[in-house]
Amino acid sequence: MSQAGRSADLSPEQGDSMHPKVDAVDPRVGALHPKMAAVDPRVGALHPKMAAVDPRVEPVHPKVDAVPWEARAFQGQRAGVVTRTAANVVDSLLVVGVLAGGYAAWCAVRFLVNPKQFSFPTVSFLAALICGGIVLFGYFTVAWATTGRTFGDQQLGLRVLNPGGDPLRWPLAVVRAAFCVLLPIGLYWAILSPTNRSVQDSLLRTSVVYDWTVRRRPPPRISSPG
């Protein structure tokens, strides 16, 4: 008789005896390998308010952003002039894009009003500079008074804080924005400042710190592992 025939003649009890390495388990639990233990289904389930994370990373509440491990040594520290310059470059490009869009919209309106005599309007450098300053002032004010960071700050992981460690209120955001628009070179005082503060920060007692969270108030500085 073939192997297949002998297997078909075996009863269920005999068939089970042919596999001594498979242990009988509780019917409520699937058949497990003997090296695998049946566990309570509640084991491994985290508290509903906790998010599942990699075992090498500490569990965090879903409302708290996990700071990247590589960035923890810098979290809460004052940012240097290089990072702040890069953030300002990003913000400046954004403002230039807004101005270009405004100019394009102005040209479109002129064309629709009088297409036969349309010509591209000439904008003087002084007028462009004034318009750019106004847009930048409004942009800085709203960003710092609401989230504490501009788009450039967000890309570089920065946040502007008042002396108490909170985002700026509207009056202080207005004054700081005016300082930054009228005296942009003041940023480079941070090269000489032992606390990485610009002229504006030194006068207004504000700070620009590294912060990779989305919360309005960053947590205390996280020390490096070990």
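Biologist: Which residue forms a salt bridge with Arg 159, and how far apart are the closest N and O atoms?

Modeller: This is a predicted model, so local features need pLDDT of at least 70, side-chain atom pairs count only at pLDDT 80 or more, and totals for chains, interfaces and linings use all residues. Residues are numbered from 1 along each chain as its sequence is written, and side-chain values use heavy atoms, with hydrogens and water left out. A salt bridge here is a side-chain nitrogen of Lys or Arg within 4 Å of a carboxyl oxygen of Asp or Glu. Arg 159 pairs with Asp 211, and their closest N and O atoms are 2.5 Å apart.

Biologist: How many residues apart in sequence are the parts that Arg 159 and Asp 211 tie together?

Modeller: Helices (H or I, at least four residues) and strands (E, at least two) are DSSP runs, numbered from the N terminus. Arg 159 sits in strand E1 (residues 158–161) and Asp 211 in the segment after E2, so the pair ties together parts whose separation in sequence is 52 residues.

Biologist: Is Asp 211 buried or exposed, and at what relative accessibility?

Modeller: Buried means under 20% relative accessible area, exposed over 50%, partly exposed in between (1.4 Å probe, protein chains only). By that cut-off Asp 211 is buried, and its relative accessibility is 0%.

Biologist: Which residues are joined into one network with Asp 201?

Modeller: Start with the side chains of Asp 201 and Arg 176, which meet in a salt bridge at 2.7 Å, N to O. Asp 201 is in helix H7 (residues 199–204) and Arg 176 in helix H6 (residues 170–182). Through salt bridges that share partners, Asp 201 is in one network with Arg 176 and Arg 84.
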